[in-house]
Amino acid sequence: MGRAIRRSLFDEVSERLHVSTTALVAIVVGAVTLYLFCRRKGAPSRPSTIVRRPLNAPKTEGEQSDVMTRIKQSGFVGKKVCIAWEVLHDGKAWKADGKALSVLQFYAFTSEVYLMCCIRNADDKKRIIGLVNGIDGIERHRVLFCTTQKGYEAFTRQIDPSLLITNDPAQVSFLKRIIQTLVLVEGSGAVGNNVLCVPSVAALAVDTE
């Protein structure tokens, strides 16, 4: 009894269509490639679910309140805090009807405060030291003096505080990528999730009761 010889599918098809096996393989590969191309081209693109906010977009009220909440809940107790002297004193008296002194006293007592002062001469330095002398928590080596606003940027970058309180918008714009949280006093327009703008230093007062 003769042994049956199995023939491949390609042999059967090529014999019936009168084409070679090589040509048939080429046809099949081409058909599969065309199918995959059409399927990929016709598939609808999935819309992006990520909404990106422009860098110059104003900060939302919720983001502003998050920073204020941290301040009001004493979120910077025990941390490094840099404060620009101009936020607290106008050269004649403590700002915000004297409330600026209370704000300084609170942060000096609860945090590691670095007071940054831009002065014109030795008399300015002597006057500032006299004003802060005796405030509990203020240490002489943390009262820093410079003659230009650029000195504030150098101080802040070196200290790397958790909170910077200043009234200079340019300083905030430069340091907001470096410092965790910044407060711009008596200013507006500073953009950043970590920037809070307040009309007066009195807004930073913390109720200790």
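Helix α5 has A100, V103, L104, F106, Y107, A108 and T110 as its buried residues, where buried means under 20% relative accessible area, exposed over 50%, and partly exposed in between (1.4 Å probe, protein chains only). Helices (H or I, at least four residues) and strands (E, at least two) are DSSP runs, numbered from the N terminus. All of this comes from a predicted model, in which local features need pLDDT of at least 70 and side-chain atom pairs count only at pLDDT 80 or more, while totals for chains, interfaces and linings use all residues. Residues are numbered from 1 along each chain as its sequence is written, and side-chain values use heavy atoms, with hydrogens and water left out.

Next come the rings. Rings of Phe, Tyr and Trp (its six-membered ring) pair if their centres lie within 6.5 Å; planes under 30 degrees apart count as stacked, over 60 as edge-to-face and the rest as tilted. That rule gives two aromatic pairs. W85 and W94 have ring centres 5.4 Å apart and planes at 70°, so they sit edge-to-face. W85 counts as buried because its relative accessibility is 4%, and W94 is buried too, at 17%. F106 and Y107 are also edge-to-face, because their planes are at 80°, with ring centres 5.2 Å apart. Both F106 and Y107 are buried.

On a 1 Å grid over the protein atoms alone, a cavity is a set of points where a 1.4 Å probe fits but cannot get out, and lining residues have an atom within 4 Å of a point. Grid points are joined across faces, edges and corners, and a volume is the space filled by probe spheres set on the points. The structure has one cavity of 30 Å³ or more. The largest cavity holds about 30 Å³ of space, and its lining is made up of I71, S74, G75, F76, V77, F106, Y107 and V206.

Finally, D136 sits in the loop between α6 (122-132) and β3 (143-146). With 51% relative accessibility, D136 counts as exposed. D136 and F109 are 27 residues apart in sequence, yet their C-alpha atoms are 5.9 Å apart in space.

Methods: On a 1 Å grid over the protein atoms alone, a cavity is a set of points where a 1.4 Å probe fits but cannot get out, and a pocket is an open set with protein on both sides within 12 Å along at least five of seven lines; lining residues have an atom within 4 Å of a point.
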